[in-house]
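Biologist: Hi! Could you walk me through this one, please? I'm new to reading structures.

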Amino acid sequence: MIGRSLDATLSEAGETPLTTRSGFEIALRPVRPEDAAILDAFYDALAPDDMRYRFLSAQSHLSTAQLAALVEVDHRHREHLLAFERAGGKLIATLLLAADDRFENAEVAISVAPACKGRGVGWSLLHHAIDLARERGIARLRSIESRANCDAIEIERTLGFKSSDYEGDATLALLEIDLRRQAG
């Protein structure tokens, strides 16, 4: 744990190095407004299923409003981290953490470039999201997944998330981890 206060942000942070379980080296840093173009290109390069899993719709391209929401975060309640290949500097994944006003619940969303799947990137980013949520005092971390996204659901279960039905939509699952019980 880094030991930030609840009001701390990552907006002034530099890169955070991470090495996945497979030894793949990545660097995380907070999103900046000038990242809009690389984020747009990143999401355009995702497979149709990956876009559907991330945005829970059949869209093939981000809207202007969606792109603005991804780069205009407060780095407190909404944190968006970009993961780059350490070797080449290419954007390979994104991690969004969005907390409610009281920091009781937060939703996590991760996207990984097709070429980097199977290298532990998603697992490492989700583990990092859990640590970041704990540092911010968040009690419960959630993810809404398409039931067809078996890989993401398996990673979340491996890290302690419990699955339940998502009210109102049988095609979705709600995965949650109670960070007060999973401390340490």
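Biologist: Let's start with the helices: is the crossing where α1 passes α3 left-handed or right-handed?
Modeller: Right-handed. Bear in mind that this is a predicted model.

Biologist: OK! And which residues make the contact there?
Modeller: On the α1 side they are A36, L39, D40 and Y43, and α3 brings L67, L70 and V71. Sorted by class, six of the residues in this contact are nonpolar, one is charged and none is polar.

Biologist: At what angle do the axes of α1 and α3 cross?
Modeller: At roughly 120°, and the axes come within 10 Å. The two helices are therefore oblique to each other.

Biologist: New topic: how many salt bridges does the structure hold?
Modeller: There are 10 salt bridges. One of them joins E79 and R136, with 3.0 Å between the closest N and O atoms.

Biologist: Where in the chain do E79 and R136 sit?
Modeller: E79 belongs to strand β3, while R136 lies in the loop between α4 and β6. They are 57 residues apart, so this pair links distant parts of the chain.

Biologist: Are those two buried or exposed?
Modeller: E79 and R136 are both buried.

Biologist: What about R180 and D178, how far apart are N and O there?
Modeller: That salt bridge has an N to O distance of 3.1 Å.

Biologist: Why does D178 count as buried?
Modeller: Because its relative accessibility is 17%, and buried means under 20%.

Methods: Residues numbered from 1 in each chain as written. Predicted model: local features only at pLDDT ≥ 70, side-chain atom pairs only at ≥ 80, totals over all residues. Heavy atoms only, no water. Axes fitted to C-alpha atoms, helices over the stretch in contact; angles between N-to-C directions. Helix = DSSP H or I, 4+ residues; strand = E, 2+ residues; numbered from the N terminus. Parallel < 35°, antiparallel > 145°, perpendicular 65-115°, else oblique. Left-handed = near helix turned anticlockwise from the far one by under 90°. Contact = heavy atoms within 4.5 Å. Nonpolar A, V, L, I, M, F, W, Y, C, P; charged D, E, K, R; others polar. Salt bridge = Lys/Arg side-chain N within 4 Å of Asp/Glu carboxyl O. Buried < 20%, exposed > 50% of the residue type's maximum accessible area, 1.4 Å probe, protein only.
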